[in-house]
Amino acid sequence: MASADREAAPRWTDWVLRSGLALFAAALRLWAIGRTGIAHFDAASYAISSMAVARGDLPQGLFPMPQFYAPPLYFGLGGIVEKLTGLAPDRTLILISVAFGVLSVVLLYDIGRAAAGRGAGLAAGILLATSDFHILYSRTALTDVTFLALFLLAIRCLMLTSERASFSFAVAAGVATGLAWNTKYHGWLAGVVAGGTLIPLLLTRDLGRAWKLTQRLLLAGLIAGLLYLPWFLWVQAQPGGNHRLLAEHVQFFH
């Protein structure tokens with residue numbers, strides 16, 4: 001179905017649809033954006049840490065025990081943007097969420113189109129663009145929407161890695177997975193999803209393709225792990241290390 005869709009319409013159709021979805025999603029997320037602000041404890045912790053990044057006051061200026069809230073990419077990016085633009089941290093972090101919220105809509109369109117055709121991609125994009133939960137989180141200084149966009153980017157790159165047996169897309173997938181992992185601690189799950197594509201190859205005993213895909217997935221996993229390693233080592237150097245962080249996460253299952 002996907003290939004038939006691509007043949008039925010010229011390539012520029014996808015650019016028109018992507019642009020339309022992006023503008024539509026942006027309008028919904030930017031409506032009266034000036035009325036938004038810091039309204040969550042975690043958001044306040046990211047704002048304080050982002051100010052420390054902007055000032056270069058590291059690690060002393062970070063919110064206490066930042067590892068218990070999220071890895072550093074979101075507040076780190078916020079601090080860099082604050083430094084470059086002079087915007088206040090609440091404005092900066094919310095606008096970052098808006099940008100990644102719009103990007104996630106476009107990425108979901110691309111994933112749906114690749115998996116089931118242009119119509120399915122458009123439906124998926126519209127559903128996410130109009131999702132009240134997604135709009136709400138795109139207007140907050142929280143990590144969720146940024147993580148979703150990076151996770152979807154990793155999934156799309158992993159899809160292309162599988163389809164084209166490409167080392168280039170494997171590298172891109174590893175970078176995207178590493179960025180997602182540095183945004184939320186479960187970013188590594190993108191690799192687990194990709195690993196599931198090996199199951200049908202093994203069941204059909206297509207061992208040649210399975211081995212090629214395994215090589216590329218291992219490369220992506222290695223890159224993702226290397227990107228997360230600096231934060232892992234920093235957390236390990238804190239009181240209790242990663243063991244304490246893991247214990248904190250485990251308690252949420254009780």
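The model is predicted, so local features need pLDDT of at least 70 and side-chain atom pairs count only at pLDDT 80 or more, while totals for chains, interfaces and linings use all residues. Residues are numbered from 1 along each chain as its sequence is written, and side-chain values use heavy atoms, with hydrogens and water left out.

Ala32 lies in the loop between helix H2 (12-30) and H3, where helices are DSSP runs of H or I with at least four residues, numbered from the N terminus. The phi of Ala32 is near 50°, a positive value in a residue other than glycine, and Ala32 is partly exposed, with a relative accessible area of 29% (buried means under 20%, exposed over 50% and partly exposed in between, with a 1.4 Å probe and protein chains only).

The loop between H3 and H4 holds Met65, which is not a glycine either and yet has a positive phi of about 50°; its relative accessibility of 43% makes Met65 partly exposed. Pro59 also lies in the loop between helix H3 (41-55) and H4, and a cis peptide bond, with omega about -5°, joins Leu58 to Pro59.

Helix H4 (residues 73-85) packs against helix H5 (residues 89-116) at an angle of about 115°, with the axes 9 Å apart; axes are lines fitted to C-alpha atoms, for helices over the stretch in contact, and angles run from 0 to 180 degrees between N-to-C directions.

Methods: Helix = DSSP H or I, 4+ residues; strand = E, 2+ residues; numbered from the N terminus.
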